[in-house]
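Hi,

Here is the structure I said I would pass on.

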Amino acid sequence: VAALIADGVEPASIVAFTFTERAAAELKERTIARVAEAKGEDYKGRLAQMFVGTIHSYCFKLLQDHVPQYGNYDVLDPHRHAGLLSRESKRLGLDSLGQTGHWAPIQSFSETVDVIGNELIEPAALGDTPLGKVYARYLETLERYHFLTFGLIIQKAVEALKNPAIFKTVHEPLRHLIVDEYQDINPAQEALIRRLGSGQVH
């Protein structure tokens with residue numbers, strides 16, 4: 001990143017994904033230090049135009065900036081997600097999925113939701129199965145409370161980029177997309193990266 005900027009690349013044209021907030025903070029700090037060495041202290045102010053952060057924070061910002069529906073949504077971390085499932089378990093019908101007790105169905109459903117999101121499985125593909133019915137109620141619940149999960153953030157961003165106007169606005173300034181630990185990405189993240197790296201909506 002620092003080498004690109006030293007070569008005259010505009011910071012606004014760079015997006016760098018990391019996988020944790022801690023790694024993002026470290027990358028920003030190191031990049032700013034390197035750029036200051038190469039371009040001078042005064043240049044540091046221009047680095048605010050560059051995105052360095054997690055793939056989830058990028059997608060959430062994309063949704064909030066370009067999809068009005070998500071302007072007042074909040075992101076559920078795993079603990080809050082478990083709390084929501086605990087409160088809503090009866091209404092969602094989690095006990096219809098074969099697990100007994102209170103927490104076992106919640107744990108199992110959370111893992112299933114992660115797989116659905118990570119693999120970009122369409123809700124319609126679940127059909128009229130018990131899981132399909134529970135998942136449909138689950139999505140309605142998240143919408144009612146204006147919540148997104150980490151998995152849904154990526155899914156919704158991929159969907160948003162199918163809109164030509166959003167794709168053009170997001171893609172136009174982007175020239176350099178850098179992904180840390182690329183070998184660890186899941187199919188949904190790969191779909192997002194491929195879409196951002198493409199010159200056309202597809």
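Glu26 and Arg30 form a salt bridge through their side chains, at 3.3 Å from N to O. By salt bridge I mean a side-chain nitrogen of Lys or Arg within 4 Å of a carboxyl oxygen of Asp or Glu. Both residues sit in helix α2, 4 residues apart, about one turn of the helix. Glu26 is partly exposed at 43% relative accessible area, and Arg30 is also partly exposed, at 48%. The cut-offs there are under 20% relative accessible area for buried and over 50% for exposed, with partly exposed in between (1.4 Å probe, protein chains only).

Before the rest, a word on where this comes from: it is a predicted model, where local features need pLDDT of at least 70 and side-chain atom pairs count only at pLDDT 80 or more, while totals for chains, interfaces and linings use all residues. Residues are numbered from 1 along each chain as its sequence is written, and side-chain values use heavy atoms, with hydrogens and water left out.

Back to the salt bridges: the count comes to 9. One of them joins Arg194 and Glu190, at 3.1 Å from N to O. These two are 4 residues apart in helix α9 (residues 187-197), so about one helical turn separates them. Arg194 is exposed at 52%, whereas Glu190 is partly exposed at 27%. Arg80 and Asp74 make another salt bridge, at 3.1 Å from N to O; Arg80 has a relative accessible area of 36% and Asp74 one of 35%, and each counts as partly exposed. There is also a network of salt bridges that links Glu88, Arg91 and Arg144.

Strands β1 (residues 14-18) and β2 (residues 51-54) run parallel and are joined by 4 bridges. Two strands pair if DSSP finds at least two bridges between them, and helices (H or I, at least four residues) and strands (E, at least two) are DSSP runs, numbered from the N terminus. Thr18 stands opposite Thr54 in β2. From β1 the chain crosses through α2 (residues 21-39) to β2, in a right-handed β-α-β crossover. Right-handed here means that, with the strands pointing away from the viewer, the path from the first strand over the helix to the second runs clockwise.

I used a 1 Å grid over the protein atoms alone: a cavity is a set of points where a 1.4 Å probe fits but cannot get out, a pocket is an open set with protein on both sides within 12 Å along at least five of seven lines, and lining residues have an atom within 4 Å of a point.

Of its 22 lining residues, Pro78, His81, Ser110, Asp114 and Phe150 are the closest to its centre.

Cheers
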